[in-house]
Amino acid sequence: MKMSTGTTKKIKTIRKMTIVALFMFVVINSVTIVTSLKNDTVEKDISCYHCHSTEVEQFQNSVHYTNISCVDCHGGDKAVNGTLVSADVMSRNFTGIPSRVDVTKLCAKCHNKTVELYEESVHWNKLMSGRESAPSCLDCHGTHNILSHTDPVSTTYVSKIPQLCAGCHENQTKMQAWYYGIATDRFDTYKRSYHYKASILGGGKAKSLATCNDCHENHNTKNQTDPTSAIYPANLVKTCEKEGCHSGQNVQIYGGKVHEGQSVYLLSTSVDLKRIVTYFYIVMILFELSFTFGLIFLGIYSQMDIRKRE
Amino acid sequence: MSELKFKRFTLNQRIQHIIFFMSFILLAYTGFPLKFPDEWWSRWMIASVGGFDNRTLIHHISGFAMIGISIYHVVFHAILEKPRYDILFNLKDVQDFWQQMLYFLKISNDHPKFGRYTWKQKFEYFGGGFGAVIMGFTGILMLNPFESMKYFPLGLIQIAGLFHTWEAVLASIAVFIGHFYDEHFGKFPNLSWLTGNVSEEEMEHEHQLEYEASIDDYNAKNVIKKTGDNATKSHYDVRNRLIIVFSKTVFTVIFLIVCIWMLWISYHTLLEAVETYIL
């Protein structure tokens with residue numbers, strides 16, 4: 001049927017518009033359906049992340065993310081709660097936050113050798129005897145954000161170890177004399193040692209940075225009075241000569257007090273030699289300063305014509 | 001202006017002094033960053049010598065240089081040459097000191113007349129000498145601690161460390177502030193450490209007794225006669241003056257920076273000493 005040009009144009013326009021409208025209908029509906037599907041998921045999202053987003057985000061950045069799940073430490077059913085985006089997350093038996101004693105059992109599931117060492121330590125000993133401030137695995141390694149000690153961001157990275165230990169061992173309240181009797185100046189005295197200074201300035205040989213754990217051991221750290229301790233005076237030589245440190249150098253440190261601030265007595269008297277030397281040099285340095293500047297200022301003063309010389 | 005000059009330092013003495021002060025400066029430069037490793041300038045100074053291991057090497061080599069030149073100095077001047085006794089303290093030094101104090105405080109108008117070495121120069125000489133001995137001995141003790149620990153207990157080596165670090169501060173104050181001010185800052189440019197010569201003015205002013213003794217004998221060994229050169233060298237004059245002014249400014253700036261640095265070091269050293277060993 002032949003139509004006039006005007007009508008053809010109109011029909012063409014209508015056809016075009018119908019196609020566009022159909023297209024839009026499909027697009028808009030798809031978007032709606034997809035987003036509503038997502039909404040469905042969000043609405044029904046009862047995964048761990050939904051409530052514990054901070055912990056989950058930390059956990060995602062940690063070294064454990066790929067090999068263990070929330071269930072391994074906090075209980076629940078692995079099938080249902082085994083992933084972070086689980087269905088029906090509130091359905092199973094959770095054990096909540098494990099106690100500091102129980103934590104070691106949990107870590108031992110994979111890290112059994114390390115935990116064996118830890119159970120020899122004075123830290124574990126104190127924890128078991130009820131000292132709540134004694135450290136468990138988590139106090140040094142973190143909880144959800146554990147990173148390998150080779151990662152510079154980790155709390156157990158080699159150059160951050162002194163700070164880590166000092167966190168408790170510089171704390172006067174925690175180390176009180178009637179409680180533990182541990183000196184709190186160990187970080188300061190360590191800072192005066194060549195080990196610290198050379199390493200912080202990029203020393204070649206000291207690059208392996210002898211920090212607290214190199215001498216005091218970390219997991220199986222013991223009190224100096226314990227004959228099996230690495231810092232028991234008779235064991236010091238072996239500690240200094242360990243692999244990667246001063247092996248083969250015939251270290252004769254017998255009974256030596258390594259941390260610089262410790263007193264050195266004249267033979268068997270109570271004459272504190274370090275204190276005497278300190279007093280002497282304080283006097284000498286003050287004298288030298290006053291002498292030098294005094295003469296400079298006196299010289300200048302004598303050249304000034306405040307009062308004319310007669 | 002007189003063209004007479006006096007020979008104060010022989011070539012041997014000048015070379016000794018150059019070796020000594022070069023090792024002293026290198027030792028201080030590579031030593032103090034180790035004492036204050038947390039400071040920004042420590043890291044900068046260590047980087048400027050090419051890292052920590054270079055710093056250690058330079059420090060040890062300069063240390064041996066200082067020990068060597070000190071031994072040479074004593075052997076040569078006390079044994080090989082006829083020893084001179086005018087470097088030793090005597091009663092006149094005490095009298096000179098007292099008289100100079102009275103002069104400074106404007107109580108007296110009479111400045112003491114010095115011989116070849118003033119009391120202050122003797123003081124600097126023996127201070128530096130003892131300093132070098134202490135630094136040398138304690139430095140060697142700490143050079144290889146394990147070797148030293150075969151003969152001495154660890155505590156003694158720690159005490160050697162205290163002597164070493166505090167004597168360094170003392171000596172640096174004495175040299176960088178005291179010596180530089182006395183001998184270099186006030187009489188800039190003092191070239192006697194290079195040429196060995198001092199002018200007649202300076203001899204008359206600072207070592208009057210020696211001046212009087214030698215000027216009587218016009219042919220005395222230490223007098224260098226220079227014929228007056230009357231050629232006009234006006235443009236050299238201006239150029240020389242500009243060089244001197246420029247050098248003096250640079251020297252003053254460096255001197256001030258070093259003074260401030262020394263004061264900072266002294267303060268923190270004393271603070272640490274008191275906190276650690278007294279309190």
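I counted helices and strands as DSSP runs, with helices being H or I of at least four residues and strands E of at least two, numbered from the N terminus. On that basis, I found 11 helices and 3 strands in chain B. I read the order of its elements from the N terminus as β-α-α-α-α-α-α-α-α-β-α-α-β-α.

I noted that this is a predicted model, in which local features need pLDDT of at least 70 and side-chain atom pairs count only at pLDDT 80 or more, while totals for chains, interfaces and linings use all residues. Residues are numbered from 1 along each chain as its sequence is written, and chains are lettered from A and ligands numbered from 1 in the order in which they are written.

**Confidence**

I looked up pLDDT, the predictor's confidence in each residue, from 0 to 100. Chain B averages 88, and 91% of its residues score at least 70. For the complex, I recorded an ipTM of 0.89 and a pTM of 0.80 from the predictor.

**Chain B overall**

I took the box filled by the C-alpha atoms of chain B along the principal axes as roughly 65 × 45 × 45 Å. I called a residue buried if 20 or more other C-beta atoms lie within 10 Å of its own, exposed if 12 or fewer, and partly exposed in between, with C-beta atoms placed from the backbone. Of the 279 residues in chain B, 22% are buried.

For contacts, I required that the C-beta atoms of two residues, placed from the backbone, lie within 7 Å. Among contacts in chain B between residues at least 6 apart in sequence, 75% join residues at least 24 apart.

**The contact between the chains**

I found that chain A gives 37 residues to the contact and chain B 39 residues. On the side of chain A that touches chain B, the elements giving two or more residues are α12 (194-200) and α15 (273-303) of chain A. The most comes from α15(A), with 17 residues.

I sorted this side by residue type, with Ala, Val, Leu, Ile, Met, Phe, Trp, Tyr, Cys and Pro as nonpolar, Asp, Glu, Lys and Arg as charged, and the others, Gly among them, as polar. The side of chain A that touches chain B then divides into 16 nonpolar, 13 polar and 8 charged residues.

**Nonpolar cores**

I defined a nonpolar core as a set of buried Ala, Val, Leu, Ile, Met, Phe, Trp, Tyr and Cys residues joined through C-beta atoms within 7 Å. The largest has 25 residues, and those with the most contacts inside it are A:Ile285, B:Trp166, B:Ala168, B:Val169, B:Leu170 and B:Ile173. At least two residues each come from α15 of chain A and from α1, α5 (119-143), α7 (154-185) and α11 (234-278) of chain B. The largest share of this core, 11 residues, is supplied by α7(B).

Apart from this core I noted another of 5 residues, including A:Leu236, A:Cys240, B:Met149 and B:Leu154. Leaving aside neighbours within four places in sequence, I listed B:Ala28, B:Gly31 and B:Met135 as the contacts of B:Ala168.

**Helix α3 of chain B**

In α3(B), I found B:Phe52, B:Arg55, B:His59, B:Ser62, B:Gly63, B:Met66 and B:Ser70 buried. Their cover includes α12 of chain A together with α1, α2 (40-48) and α5 of chain B.

**Single residues**

I placed B:Ile25 in helix α1 (residues 11-35) of chain B. B:Ile25 counts as partly exposed because it has 14 C-beta neighbours inside 10 Å.

A:Asn250 has a phi of about 50° and lies in the loop between α14 (236-240) and α15 of chain A. With 12 C-beta neighbours inside 10 Å, A:Asn250 counts as exposed. B:Lys106 has a phi of about 60° and lies in the loop between α4 (91-104) and α5 of chain B. B:Lys106 is partly exposed, with 15 other C-beta atoms within 10 Å.
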